Amino acid sequence: MCALVDSWLSGLKKAPLLCSARLLLRPVCAGDVEHIQSSVNDRRVCDNLSYMPHPYTMEMAEIWTRNVNYGMANGSCCYWTICDKKNGKFIGSVGISIYKEQEGCELHYWINADEWNRGYCTEAAKRIITHVFEDLNMHRLYVTHRENNIASKTVIAKCGFVFEGISRESLKRFGQFENVVSYSVLRDEYLALKEKGIY
Ligand SMILES: CC(C)(COP(=O)(O)OP(=O)(O)OC[C@H]1O[C@@H](n2cnc3c(N)ncnc32)[C@H](O)[C@@H]1OP(=O)(O)O)[C@@H](O)C(=O)NCCC(=O)NCCS
């Protein structure tokens, strides 16, 4: 129990608690490993991620959680567990890779497949986008998706990202080459979206 609390507290120093209308975003910690394993081991989730293997074991989830916590300690990333604000239920994960020199970040997310299409990812992504520009003062945030990942494409559109281009067959996933689509938001564009009430 103490180890769990320690892990949670050390993450909290690097990733703040963030709230939105329905969600609590809190730093990923050791206590999330079982949920992470069972969510990512679901092929509906795993097939759409760019690097998680399948089957996805408890050991892999533990290593990922540990690496994310190292990353949070050295400032190269920040990952949050997405929970239901009312009851703490695990919903998914959202994170950023941080490139300090470029004043830029990359956005990552996945939602437990049983919770899809309830607007959770859009809500969590928007909260992180606000954090990236308002609290971290970044210049650019980018995101990519596999060309046929329509759910992710929709989330990205709802968040106001600008299309950049397609990297042809740049991802080899389970033996298949796939096109990857890139988008970004620059600080000025975020401020314009905020003016329009999208943020
Ligand atoms: C992408 C993902 C995170 C979206 O999570 P989510 O909580 O369901 O997203 P939201 O509910 O906020 O938005 C999904 C939107 O896509 C739409 N959508 C989903 N599947 C669709 C499909 N096959 N065709 C058209 N629209 C689709 C939904 O209707 C919804 O749009 P709406 O709110 O306008 O109705 C989730 O599908 C997931 O975890 N996928 C596997 C992992 C992944 O793809 N991660 C991202 C890697 S880039």
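Two strands count as paired here if DSSP finds at least two bridges between them. Helices (H or I, at least four residues) and strands (E, at least two) are DSSP runs, numbered from the N terminus. The model is a predicted one, so to speak of a local feature takes a pLDDT of at least 70, and side-chain atom pairs count only at pLDDT 80 or more, while totals for chains, interfaces and linings use all residues. Residue numbers start from 1 along each chain as its sequence is written.

S3 and S4 form it, with five residues between them, and Gly 88 in the turn has a positive phi of about 75°. Strand S3 covers residues 77-84 and strand S4 residues 90-99; the two run antiparallel and are joined by seven bridges. Within this pair, Cys 77 sits opposite Ser 97 of S4, and Cys 78 has Ile 96 of S4 as its bridge partner. On the S2 side, five bridges tie S2 to S3, again in an antiparallel arrangement, and Leu 25 stands opposite Ile 82 in S3. S3 is mostly covered, with seven of its eight residues buried (20 or more other C-beta atoms within 10 Å of the residue's own; exposed means 12 or fewer, partly exposed is in between, and C-beta atoms are placed from the backbone).

Zooming out, these strands belong to an open sheet of eight, with mixed pairing and the order S1-S2-S3-S4-S5-S6-S8-S7. Strand S1 (18-19) and strand S7 (162-173) are the edges, each pairing on one side only. Helix H4 (residues 58-74) packs on the sheet, where it touches strand S2 (23-27) and S3, and its direction makes about 120° with that of S3. Contact means C-beta atoms, placed from the backbone, within 7 Å of each other. For the angles, axes are lines fitted to C-alpha atoms (for helices, over the stretch in contact), and values run from 0 to 180 degrees between N-to-C directions. Helix H5 (residues 120-135) lies across S1, S2, S3, S4, strand S5 (104-111), strand S6 (140-146) and strand S8 (176-186), running at about 160° to S5.

Helix H2 (residues 33-40) has Val 33, Ile 36, Gln 37, Ser 39 and Val 40 as its buried residues. These pack against helix H3 (43-46), H4, S4 and S5.

Now for the ligand. It is surrounded by 20 residues, the closest being Asn 48, Cys 121, Thr 122, Ala 151 and Thr 154; a residue counts as near if its C-beta atom, placed from the backbone, lies within 6 Å. S5, H5 and helix H6 (150-158) each supply at least two residues of this shell, and the largest share, five residues, comes from H6. By class, the shell has 11 nonpolar, eight polar and one charged residues. Here Ala, Val, Leu, Ile, Met, Phe, Trp, Tyr, Cys and Pro are nonpolar, Asp, Glu, Lys and Arg are charged, and the others, Gly among them, are polar.

His 54 and Pro 55 are joined by a cis peptide bond, with omega about 0°, and Pro 55 lies in the loop between H3 and H4. Glu 103, in the loop between S4 and S5, has a phi near 50°, a positive value in a residue other than glycine. Glu 103 is partly exposed, with 13 other C-beta atoms within 10 Å. Asn 137, in the loop between H5 and S6, also has a positive phi, near 55°. With 9 C-beta neighbours inside 10 Å, Asn 137 counts as exposed.

How values were computed: Two residues are in contact if their C-beta atoms, placed from the backbone, lie within 7 Å.
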